[in-house]
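Thanks for asking me to look this one over. Here is the model, followed by my notes.

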Amino acid sequence: NSMAAAFKKELAGLDEPIKEKAEAGEKIGIVNEVKGEAEEKAGVTGAGNKRKMAADETRGVSSTLRVRSEDIESLIYTIGELAGLDPKDYEKLQAHALQLRMVPVGELFSRFKKVVRDLSEELCKGIDLVVSGESVKFDKVIADRLNEPILHMVRNAASHGLENIEDRRKAGKKPHGRIRLSASQEGGQIVIEVSDDGRGISLEKVMKRGLEMGLIKPGEEKNISEEALIDLIFTPGFSTVEDADKVSGRGVGMDVVRDAVTSLQGTVTIDTRKGAGTTFRLQLPLTLAIIKGMVLEGRGTKIALPAAFVDRVFNMTEEELRARSFMDKGRLYLDLVNEGEVLPVARLSQFFRTEDLTETRCIVLIKAGMGQKTALVVDTALGRQPLMVKPLDRFAENRYFSSASFAGNEVVLILNTPSLMAA
């Protein structure tokens, strides 16, 4: 059919430049070998060895080739639109196509070796960079978009997190501070941690700044939790640093880090201990091309959210839902008595300004980092299925939906879960 023909054309388009590069590589390798042998016979041993090394390196072109990311993306989307294939063959084809845009996280981490070395000299601090989990693979699109957020966290750790050599010795620490970049895979997600063994975040300074900015009302200091206090760091313009410096400005920018991670369907949380250091934990999908999604429906409209964020699903009558719900500070909450939880509520109908249709409501508990949960109310949950993700253009995207997919012949908007949690 026409779709299969388009797929073959797509493959052919990728294949030609690959063949040309491979053939060119082989020719260069042969020429270099011949030159090397001639030079060796003439007594130029050093030049001959260099030529042979160049030939060996050039042969690598046939096994590792660079392909434009746009071509890979086009190929993945074409596969997603194919019809009539055996489901097993389709999944294999899809998996192989996805592997083309997966890169080891070590490629991202390696960019920061020189950064840390330069910061160590500039700040006159001894700083060691420790890296682990480099072999974990994830989407190159995510890797590229994480460069700036991680750079900001590394610079902040070096400038504000780590003490100078004298202060570290007084605290009984090793003279050299340590910044660690680590990665691990948890199911269909990658977890990246940026940590240091410095002084930790001063919660007293955070509290003081929160009061100054009006984020904490006088008298509420004793009631605010440590998690809520730390979360203030992500407020735009928030900083506990009094004096500006050329390395990381005035500490402003953690809101930009969260926005960048959220746009990638990820979450960022902070764990800090006074005198022991701080860890930023980024949890993101392995790929943005395909997700395992939970498809939901409300008033005939279908949406999906990444299945990794779904804690559990259960039904409740509209009457019971109303009986268990209450308003607090302008926000609707659901009291789950049996579970001992009180969760903020979001209704699918509110996104589209429609009315709920059914008497029986489906409650989807959405989880995120730091134990955060939200109860999403919909008409029904249609089940889990793999979804080919396509970004919405800037005219169609909004705070809650930035991508879409197809379920059968219907368009399904994909919920930006972190944005919902932050609402």
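1. Before we start, a word on what you are looking at. This is a predicted model, where local features need pLDDT of at least 70, side-chain atom pairs count only at pLDDT 80 or more, and totals for chains, interfaces and linings use all residues. Residues are numbered from 1 along each chain as its sequence is written, and side-chain values use heavy atoms, with hydrogens and water left out.

2. Let's begin with the sheet. Five strands form an open, mixed sheet in the order β2-β4-β5-β7-β6. (Strands are DSSP runs of E with at least two residues and helices are runs of H or I with at least four, numbered from the N terminus; two strands pair if DSSP finds at least two bridges between them.) The edges belong to β2 and β6: each has a single partner strand, so one side of each lacks a neighbour in the sheet. On average, neighbouring strands are turned by 15° against each other, direction ignored. Angles come from axes, lines fitted to C-alpha atoms (for helices, over the stretch in contact), and run from 0 to 180 degrees between N-to-C directions.

3. Ile270 sits opposite Phe280 of β7. Helix α7 (residues 140–161) packs on this sheet and touches β2, β4 (177–186), β5 (189–196) and β7. Its direction makes about 20° with that of β5. Contact here means heavy atoms within 4.5 Å.

4. Helix α9 (residues 203–212) is worth a look from both sides. Val206, Met207 and Gly210 are its buried residues, where buried means under 20% relative accessible area, exposed over 50% and partly exposed in between (1.4 Å probe, protein chains only). They lie on the same side of α9, because they cover an arc of only 100° around the axis; that arc is taken from the directions from the helix axis to the C-beta atoms. These buried residues pack against α10 (226–231). Glu204, Lys208 and Glu212 are exposed on the other side.

5. Finally, two backbone angles to check. Most residues other than glycine have a negative phi. Cys124, in the loop between α6 (113–123) and β2 (127–132), has a positive phi near 55°. Gln265, in the loop between α11 (254–262) and β6 (267–273), also has a positive phi, about 65°. Are these residues buried or exposed? Cys124 is exposed at 62% relative accessibility, whereas Gln265 is buried at 10%.
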